[in-house]
Amino acid sequence: MTTLPDRPNTAVLVIDVQNGVVADAHDRDGVIANINTLIDKARTAGAPVVWVQHSSEELEHGSESWRYVPELTRLDAEPLIHKKYGDSFEDTGLEAVLAEHKVGRLLVSGAQTDACIRSTLHGAIVRGYDATLVSDAHTTEDLTKYGAPAPEQVIAHTNLYWQWQSAPGRQGGTVETAEISF
């Protein structure tokens, strides 16, 4: 239903599943297992898998904390987008990569739910994409000491409100890994 013309394809976004981002994340291993399943389904179907990697003072480019977790393997042919902002589209080549692959629908996974995942979902729908959140393939760390809700509540709330997200000619929504087909 995307508003982008001639964009019939679906891509998987794997956002910031980096050592320093998910080290203390809620259900880290379960989420990474679901992301691996999602990636396998996409590859089997010939759908693009696009990797997004954040850099900052805490995630210095090339450092161990900046690297993707060892449980996930990016293939050389799969695009890698480097970013410095929460929204994976902001000041990156993501739009060009998606246009090249004729992608109009995104399946979003990764970390952190309350930051880069939400920012990218909103950035996608504003730019004309259908943006589906994979409800059991995103996570966040415990930020309760700063007044945030517990991670499982942040994840549940994000799944709840994104389930009903839409805009003219665009659709949000959520889906569990097991329900995904291409």
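Predicted model: local features only at pLDDT ≥ 70, side-chain atom pairs only at ≥ 80, totals over all residues.

Please look at helices H4 and H5, which are roughly parallel to each other, because an angle under 35 degrees counts as such. The axes of H4, residues 113-126, and H5, residues 151-163, cross at roughly 10° and come within 11 Å. On the H4 side, the contact is made by Thr113, Asp114, Arg118, Leu121, His122 and Ile125. H5 contributes Val154, Ile155, His157, Thr158, Tyr161 and Trp162. Sorted by class, this contact comprises six nonpolar, four polar and two charged residues.

Six strands, with parallel pairing, form an open sheet in the order E3-E2-E1-E4-E5-E8. Strand E3 (80-83) and strand E8 (174-175) each have a single partner strand, so one side of each lacks a neighbour in the sheet. Within the sheet, E1, residues 9-15, pairs with E4, residues 103-111, in the parallel sense over seven bridges. Val14 stands opposite Ser109 in E4. Helix H2, residues 28-45, packs on the sheet and touches E1, E2, E4 and E5. The direction of H2 makes about 140° with that of E5.

Finally, which residues line the largest pocket? They are Asp16, Gly20, Val21, His54, Ser56, Glu58, Leu59, Gln112, Ala115, Cys116 and Glu141. By class, the lining divides into four nonpolar, four polar and three charged residues. Helix H1 (19-22) and H4 each supply at least two residues of this lining. The space in the largest pocket is about 240 Å³.

Conventions: Residues numbered from 1 in each chain as written. Heavy atoms only, no water. Axes fitted to C-alpha atoms, helices over the stretch in contact; angles between N-to-C directions. Helix = DSSP H or I, 4+ residues; strand = E, 2+ residues; numbered from the N terminus. Parallel < 35°, antiparallel > 145°, perpendicular 65-115°, else oblique. Contact = heavy atoms within 4.5 Å. Nonpolar A, V, L, I, M, F, W, Y, C, P; charged D, E, K, R; others polar. Pairing = 2+ DSSP bridges. 1 Å grid on protein atoms, 1.4 Å probe; cavity = no way out; pocket = protein on both sides within 12 Å on 5 of 7 lines; lining within 4 Å. Points joined across faces, edges and corners; volume = space filled by probe spheres on them.
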